[in-house]
Amino acid sequence: MSPDPARRSERSRQAILTATRELLFEVGYPKLTIEAIAARAGVGKQTIYRWWPSKGAVMFDSLLPAPAGAPDLALPDTGDVEADLKTVLRAIAEEFGTPQLDQMTRALATEVHNDPALGEEMVKRLLMPQLEATKERLRAAQAAGQLAADLDLQAAVEILFAPLFYRWMLRIGPLTPEYADTVAAMAVAAMRPH
């Protein structure tokens with residue numbers, strides 16, 4: 001029986017993604033090279049470029065969970081939308097404060113700024129699913145009468161997440177649990193029924 005090219009191809013793809021993740025944590029994004037990824041994965045550079053146009057694109061894919069292991073994006077629903085949003089914003093603040101994730105996220109932000117196609121992929125595959133999950137939680141709060149029925153959900157999710165991203169991106173202050181709580185409380189106060 002001859003080897004299945006699709007299986008071999010998927011094995012190579014997974015080896016590349018694993019090698020990229022490992023190298024990101026070992027040497028950091030600035031020192032990450034396609035050559036190092038290829039050597040670690042046991043493939044040629046041309047194999048990497050067959051699937052990804054740039055180092056940033058490989059990094060982005062390596063940081064996403066595999067479809068089979070995709071996380072449940074549903075937000076907590078304890079019945080208290082403000083408490084639930086505080087939990088979510090605290091987790092984001094903690095993630096941004098992790099040195100290795102901070103460095104990788106900043107590198108990805110730079111790549112996205114310089115590569116509009118990668119930016120579109122990030123919005124489609126990473127941001128939109130997360131924003132939709134947040135909108136679902138806000139819809140549940142609307143149905144429970146905790147938030148205004150006429151709330152613009154797109155503006156609401158941007159109001160929730162933008163302050164943390166702004167503070168992180170511009171390094172204007174620490175991302176503390178207290179700051180996350182303040183953002184959530186202020187956002188929910190603005191979204192409550194009039």
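Me: Leaving aside its neighbours within four places in sequence, which residues is Lys45 in contact with?

Reply: Quick caveat: this is a predicted model, so local features need pLDDT of at least 70, side-chain atom pairs count only at pLDDT 80 or more, and totals for chains, interfaces and linings use all residues. Numbering runs from 1 along each chain as its sequence is written, and side-chain values use heavy atoms, with hydrogens and water left out. Lys45 lies in helix 3 (helices are DSSP runs of H or I with at least four residues, numbered from the N terminus). With contact taken as heavy atoms within 4.5 Å, and neighbours within four places in sequence left aside, the partners of Lys45 are Ile34, Glu35 and Ala38.

Me: Is Lys45 exposed or partly exposed?

Reply: The scale goes like this: buried is under 20% relative accessible area, exposed is over 50%, and partly exposed is in between (1.4 Å probe, protein chains only). Lys45 has a relative accessible area of 37%, so it lands in the class called partly exposed.

Me: And how many Å separate the C-alpha atoms of Lys45 and Ile92?

Reply: Along the chain, Lys45 and Ile92 are 47 residues apart.

Me: How far apart in space are Arg50 and Leu170, C-alpha to C-alpha?

Reply: Arg50 lies in helix 3, which covers residues 45-51, and it is exposed because its relative accessible area is 57%. In sequence, Arg50 and Leu170 are 120 residues apart. Go C-alpha to C-alpha and the distance between Arg50 and Leu170 is 35 Å.

Me: Are the rings of Trp51 and Trp52 stacked or edge-to-face?

Reply: The structure holds 4 aromatic pairs; rings of Phe, Tyr and Trp (its six-membered ring) pair if their centres lie within 6.5 Å, with planes under 30 degrees apart counted as stacked, over 60 as edge-to-face and the rest as tilted. Trp51 is partly exposed because its relative accessibility is 28%, while Trp52, at 4%, counts as buried. The ring centres of Trp51 and Trp52 are 5.7 Å apart and the planes sit at 75 degrees, so the pair is edge-to-face.

Me: What about the rings of Phe96 and Trp168: stacked or edge-to-face?

Reply: This pair links distant parts of the chain, with Phe96 in helix 5 (residues 81-97) and Trp168 in helix 8 (residues 153-170), 72 residues apart. The centres for Phe96 and Trp168 are 4.5 Å apart and the planes are at 10 degrees, so the pair is stacked.

Me: Which ring does the charged end of Lys55 sit over?

Reply: Here a charge sits over a ring if NZ of Lys or CZ of Arg is within 6 Å of the ring centre and within 35 degrees of the ring normal. Arg167 does it with Tyr179, lying over the face at 3.7 Å from the ring centre. For Lys55, the charged end is 4.1 Å from the centre of the ring of Tyr29.

Me: Which helix gives the largest share of the lining of the largest pocket?

Reply: About 1800 Å³ of space lies in that pocket, and among its 48 lining residues the closest to the centre are Glu95, Met122, Leu126, Leu127 and Gln130. Elements giving two or more residues to the lining include helix 1 (5-27), helix 6 (99-114) and helix 7 (116-143). The largest share, 9 residues, comes from helix 7.

Me: Is Thr134 buried or exposed?

Reply: Thr134 lies in helix 7. Not counting residues up to four places away in sequence, Thr134 touches Leu75, Val157, Leu160 and Phe161. Its relative accessible area is 2%, so Thr134 is buried.

Me: What value is phi of Arg171 near?

Reply: Arg171 is found in the loop between helix 8 and helix 9, and it counts as exposed because its relative accessibility is 59%. Most residues other than glycine have a negative phi. Phi of Arg171 has a positive value, near 55 degrees.

Key:
1 Å grid on protein atoms, 1.4 Å probe; cavity = no way out; pocket = protein on both sides within 12 Å on 5 of 7 lines; lining within 4 Å. Points joined across faces, edges and corners; volume = space filled by probe spheres on them.
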